[in-house]
Amino acid sequence: MKDILIDVVRTGKRHANYDYIVRRTKVWRAIVSGEGIDEYYHQFNQRETDEQFLQRKRITQQITSSVCKNVRDIEFKVPRSNSITRVIGTNTGKEGELKQFKEILKTFWGDSSLDDYMDIRWVELNDTDPNSFVVLEWQPFAKDEHAQPYPYEVKSEQAVYYEYDNNKLQYLVALVEDNGKTYTGYWPDYTIQLKQITDEETLKKIKLADGEETSMTFVETGETVLVIRIKDDYYTYFEFTAHKLGFVPAYQPGYMRDLATDGHTFLPPWWAAEPVLMNIFSTKSQLDLSIHLHTFQQKLQYRPRCNNRGCMGGELTEGGICPVCKGTGWKGITSVQDTIDLPLPKSKEEMVDLENIIHYVDQSVDIVTFLDGKVDRLSNQAIKMVYFSELYSQTKNVEKTALEAGIDMQAVYDTLYPLVKAMAKDWEFMVSTIAKITDIKVPTISFTFGKDFKLKSIDGYYADLSLANTAGASQYVKGAIEDDIARIVYAEDDLAMAKYLTLKAFNPFPGDTPETIALKMSQSYTPEFYKVLYSTFGFIFDELERENPGFYMLNRAKQWTLLEAKVISLLPEKKAPVMTFARPIPETQPSNLE
């Protein structure tokens, strides 16, 4: 493994797609951030001089980053989906270890958690540099402590050499150029590093032939290191403490495979809109130039020649530019405070029509209107190229129904599904790797999600509920829609959500209409237990809540025991119901919390 690292340093070799990735990544970063986008202007040599080309670049205000943000914004909504559940669990009786492990995850990304890293930075890397690597590193720690892993990002231009075998990373060589070159090699069980020596005083003390090694002690630190000469440079060689994980603790966030490299590299999620965004770039440049050249009135006027002494067409006879007319040779208005004064004529016939002195000519803005409309069309097209299928998004001669809107949303979900699938895979990899690094046993690691990411607004769910009522859908279908509405309403209130789920779970007549409930309450075969429960429903749960703090966060079995005792105390004969409960009682409280 050491030989591979030295060979990379000696030969400067790069992986097969290195140049392609670096070139493509530079474009993606420019589109997303707007920084460096002017490098992709193209000069129209037949009609544009170098000076005119530079001027066009100066006056152009690009909007590609803004349009791309509109395309990308929906990606950041995915982590807020109610269909996503992240679970981390440990063995019974080891809640202390689980709490400690979760504390480690909370500070994974500085003062932010692992989930924050995945929800924000992981998405950003996919959009700007999907071929980068995220490496899990950690600092030395005491024996009675656990390691604190953190993410170290290797940009695609820094990932100079790596190899996969059956889609499994075998090793990674990263190059960082900062006050010399530092090559770091990541292998399944250990990490090694070659760091270039740049200190002139140190270099004077070393005399080695190419390929030779020697031990050297630094006087300042007292540290003894191995020094290797590779061609004309000297490097210190260092082996970090072997982690013995059995795999390289690194992964690439990208998931959209690039067919141009036979799937060996990755594309950003918005790659389908890249040609459209570059077209916006060109069209917006033409639009800004046209606005500056044509969207102002042309002024025509009669003007007397400058009468400054010695002024001859703007130049003074003794040399220099006339200070009065500023070299124009004409008298005229130079600011809003100036006026053109005409002598008062002796008669009406001698009076000159002022419109014949100054005339303003309006310019045609047809080309500007066309270009402005084209920019708008391209902006909308960029979003459609990423999220919508033409088969679904086009509706001709009919209004868009709720069904068609639902199809469009399904098209969005189809686009987001690979993103969430990749996010789940990388999240589980990172959590399991952190568990091995910290030596904390975490047998339960799960990132689950549904194909419906439930990204609709509350208005959208109410529209679905209205449609379900009109269509005569079952109470179970309508109940599921109501659950989605509740998840939005109580998104930031776990206790309120738990209370909603509890009250729904113990409702003795779920989904029944008021008429049906009234009929059941009058029937003799309806157990008295459920009649009492329904008629005192609010009173009973208020009592349970006051007498049992945290009642709504208890598991269902415990809640049922307390509820059953409360209802029995209100029964005339103090008897429990013949049947246990209308529906099976889950063992644990359903929740989206970890």
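User: Where is D439 found?
Analyst: D439 is found in the loop between α11 and β18. Bear in mind that this is a predicted model.

User: Is D439 buried or exposed?
Analyst: D439 is exposed. Its relative accessible area is 56%, and the cut-off for exposed is over 50%.

User: What about its phi?
Analyst: Phi of D439 is near 60 degrees. That is a positive value in a residue other than glycine.

User: Now D262. What is its phi?
Analyst: D262 has a positive phi of about 60 degrees, and it is not a glycine.

User: Where does D262 sit, and is it buried or exposed?
Analyst: D262 is in the loop between β12 (256–257) and β13 (266–267). The residue is exposed, with a relative accessible area of 65%.

User: Let's zoom out. How many helices and strands does the chain have?
Analyst: The chain has 18 helices and 18 strands.

User: And how much of the chain is buried?
Analyst: Buried residues make up 38% of the 594 residues.

User: What share of contacts comes from residues 24 or more positions apart?
Analyst: Take the contacts in the chain with a separation of 6 or more. Residues 24 or more positions apart account for 65% of them.

User: Back to β18. Which strand does β18 pair with?
Analyst: β18 (residues 444–448) pairs with β1. The two run in the antiparallel sense, over five bridges.

User: Why is β1 called largely enclosed?
Analyst: Strand β1 covers residues 85–89. Four of its five residues are buried, so the rest of the structure largely encloses it.

User: What holds paired strands together, in general?
Analyst: Strands of a sheet pair through backbone hydrogen bonds, either parallel or antiparallel.

User: Which strands form the open sheet?
Analyst: Three strands form it, in the order β3-β2-β11. The pairing is antiparallel. The edge strands are β3 (150–154) and β11 (250–251), and each pairs on one side only.

User: How many bridges join β2 to β11?
Analyst: Two bridges join them. β2 covers residues 133–137, and the two strands run antiparallel. V135 has A250 in β11 as its bridge partner.

User: What do β4 and β5 form?
Analyst: β4 and β5 form a hairpin, with two residues between them. In the turn, N166 has a positive phi of about 55 degrees. β4 spans residues 159–165 and β5 spans residues 168–177. They pair in the antiparallel sense over six bridges. A159 stands opposite A174 in β5.

User: Switching to helices. Where is T128?
Analyst: T128 is in helix α6, which covers residues 114–128.

User: Why does T128 count as buried?
Analyst: T128 counts as buried because its relative accessibility is 18%, and buried means under 20%.

User: What lies 2.9 Å from a polar atom of the T128 side chain?
Analyst: The backbone oxygen of E124 does.

User: Which residues is T128 in contact with, leaving aside neighbours within four places in sequence?
Analyst: T128 is in contact with T25, W28, R29 and V32.

User: Tell me about T25. Where is it?
Analyst: T25 is in helix α2 (residues 18–33). T25 is buried, with a relative accessible area of 1%. Not counting residues up to four places away in sequence, T25 touches T128, D129 and S156.

User: What about S282? Which helix is it in?
Analyst: S282 is in helix α8 (residues 274–294). At 33% relative accessibility, S282 counts as partly exposed. The C-alpha atoms of S282 and Q62 are separated by 9.2 Å. Along the chain, those two are 220 residues apart.

User: Last topic. How many cavities of 30 Å³ or more are there?
Analyst: A search of the whole structure finds one. About 40 Å³ of space lies in the largest cavity.

User: Which residues line the largest cavity?
Analyst: The lining is E75, Y255, P269, V386, Y387, T415, L416 and L419. By class, that is six nonpolar, one polar and one charged.

User: And which helix gives the largest share of the lining?
Analyst: α11 does, with three residues. α9 (366–387) and α11 (402–438) each supply at least two residues of that lining.

Methods
Residues numbered from 1 in each chain as written. Predicted model: local features only at pLDDT ≥ 70, side-chain atom pairs only at ≥ 80, totals over all residues. Heavy atoms only, no water. Buried < 20%, exposed > 50% of the residue type's maximum accessible area, 1.4 Å probe, protein only. Polar contact = N/O pair within 3.5 Å; in protein donor to acceptor, adjacent residues only side chain to side chain. Contact = heavy atoms within 4.5 Å. Pairing = 2+ DSSP bridges. 1 Å grid on protein atoms, 1.4 Å probe; cavity = no way out; pocket = protein on both sides within 12 Å on 5 of 7 lines; lining within 4 Å. Points joined across faces, edges and corners; volume = space filled by probe spheres on them. Nonpolar A, V, L, I, M, F, W, Y, C, P; charged D, E, K, R; others polar.
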